[in-house]
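Subject: Structure handover, pockets and cavities

Dear colleague,

Please read the two together.

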Amino acid sequence: MSLNNTQNIDIVKVPASKIDSIDFENITFGNVFTDHMLICDFVDGAWQRPKITPYEPFLLDPSAKVFHYGQAIFEGMKAYKDDDDDVWLFRPEQNFERFNKSATRMAMPEVPESVFMAGLYQLIDLERNWVKKGKGNTLYIRPFMIATGHGVIAAPSDQYRFMIILSPAKSYYSGEVKVIIAEHYSRAANGGIGAAKAAGNYSAQFYPTKLANEQGFQQIIWTDDATHTMLEEAGTMNVFFRINDTLYTAPTSERILDGVTRKSLIALAEKLGIKLEVHPVLVSKIIESAKNGTLKEIFGAGTAAVVNPIVGFSFQDIYYELPKLENPMALQLKEHLTDIQYKLAEDTFGWTIKV
């Protein structure tokens, strides 16, 4: 797979860019969007010609199936600018492949590579001035697809819209994160859509997360739906645990998203000689390790924050504080990964692609 701009895409540019009105030093994540967006519709069983247009609202029929039956999927990616003003993407083929896996699971049409990748290339090339230099500055990329066919009969849509929108972002920092280990609610179940990046997965998390927030916690570490004995994800991120000098993370499954950051950190840990085991992580093991002092770190891994350290967790109304370390593995891994993304270190994995 390669990024290319061979796809014939109609481009309608804005009369004047709004970029000079944006305070890039004080951006709230996901609230500001660039001048243009990509649109491609699926009609009569075929993808139409994609187009890049000014970023603006669009109309949908009130009976559009996205509103009634939740056919909606998305991805999260980033673009980076190096010190030479070159723009880079990080493992975009992984997002493309996962997007279509999500589409298949949600009975939606797969998006062709010529639309997804070439559209992504041309849109970012057009908006490259929105990608700012400096570590911590990124352009967040949100490809998504919704069901636009009308009618309230319970069946898959016959029309869809694929889009890409872009949002400049600063380093994502949520402050100290304390979490609750879930004892009742679950993020996903076997046979469900937990491995798909479906919009409904995230809305279903909002209520239990609200309950956690009311108790003074920022997020939830989700447990398996059947027994609530296995730890799976932290909020909207994959999760890692460090016991002594070994990292542990759960394997991907029907319930756990195959995170791009997760698999990148696993590869980096192996290269750096950090011992890492991928297998089910039991709640009982983490509690025991917290009690005997061998639990050193817990951290989430995802596109927005890259790595998000967790300072403590609660289980069965008992709070466990994690030790404050001088050189935690979480930050070591984050530094190595972001150095690759910003072209500050050699990319020996071949993960970065120039736009």
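Strand 6 (77-81) provides the largest share of the lining of the largest cavity, namely three residues, where strands (E, at least two residues) and helices (H or I, at least four) are DSSP runs numbered from the N terminus. The model is predicted, so local features need pLDDT of at least 70 and side-chain atom pairs count only at pLDDT 80 or more, whereas totals for chains, interfaces and linings use all residues. Residues are numbered from 1 along each chain as its sequence is written, and side-chain values use heavy atoms, with hydrogens and water left out.

A cavity is a set of points, on a 1 Å grid over the protein atoms alone, where a 1.4 Å probe fits but cannot get out; a pocket is an open set with protein on both sides within 12 Å along at least five of seven lines, and lining residues have an atom within 4 Å of a point. Volumes are the space filled by probe spheres set on the points, which are joined across faces, edges and corners.

The largest cavity holds about 130 Å³, and among its 14 lining residues Y80, F90, T261, T303 and Q341 lie nearest its centre. The second largest cavity, of about 40 Å³, has a lining that includes F24, W130 and K170.

As for pockets, the largest contains about 860 Å³; of its 36 lining residues, Y172, Y202, T236, M237 and A304 are the closest to its centre, and helix 4 contributes the most to this lining, with four residues.

Best regards
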